[in-house]
Amino acid sequence: MKNKLNILWINDNPDTAHTMVFMYAINAKTQNWFDEVEIIIWGPTAKLVAEDESIQEKIKIAKHSGVIIKACISCANMFGVTDKLKSLDIEVYGMGIPLTNILKGNEKLLTI
């Protein structure tokens with residue numbers, strides 16, 4: 001079994017992003033708590049990422065730390081931020097099947 005943590009980030013509160021999502025993801029990767037850490041941007045967080053420069057900076061730091069960041073294209077399209085997310089070097093594509101596979105595979109999933 002892979003030592004991987006998936007973080008499904010659906011809360012668009014910036015304080016939650018700074019004090020939980022990024023704090024934990026970056027530490028989980030840099031402290032080797034998990035070999036792989038992936039953040040999945042879902043729902044209104046797509047808009048938050050596109051508009052909040054402090055969140056964009058945290059994404060850069062997380063990516064530099066080795067955290068993988070992906071976003072749901074349906075959500076990004078819904079909020080009109082697909083191009084902005086791609087410009088931030090975030091993988092944007094259909095996440096329904098990957099999320100289903102995470103759940104069916106009993107992988108570690110933290111939902112925030």
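Me: In what order do the 5 strands of the open sheet stand?
Reply: In this predicted model, local features need pLDDT of at least 70 and side-chain atom pairs pLDDT 80 or more, while totals for chains, interfaces and linings use all residues. Residues are numbered from 1 along each chain as its sequence is written, and side-chain values use heavy atoms, leaving out hydrogens and water. Strands are DSSP runs of E with at least two residues, helices runs of H or I with at least four, both numbered from the N terminus, and two strands pair if DSSP finds at least two bridges between them. With parallel pairing, the order in the open sheet is 4-3-2-1-5.

Me: Which residue in strand 5 stands opposite Ile-7?
Reply: Strand 1 (residues 4–9) pairs with strand 5 in the parallel sense, over 4 bridges. Opposite Ile-7 stands Leu-110.

Me: What angle do helix 1 and helix 3 make where they pack?
Reply: Axes are lines fitted to C-alpha atoms, for helices over the stretch in contact, and angles run from 0 to 180 degrees between N-to-C directions. Helix 1 (residues 14–30) and helix 3 (residues 53–64) have axes 11 Å apart. Angles under 35 degrees count as roughly parallel, over 145 as roughly antiparallel, 65 to 115 as roughly perpendicular and the rest as oblique, so helix 1 is roughly parallel to helix 3, and their angle is about 5 degrees.
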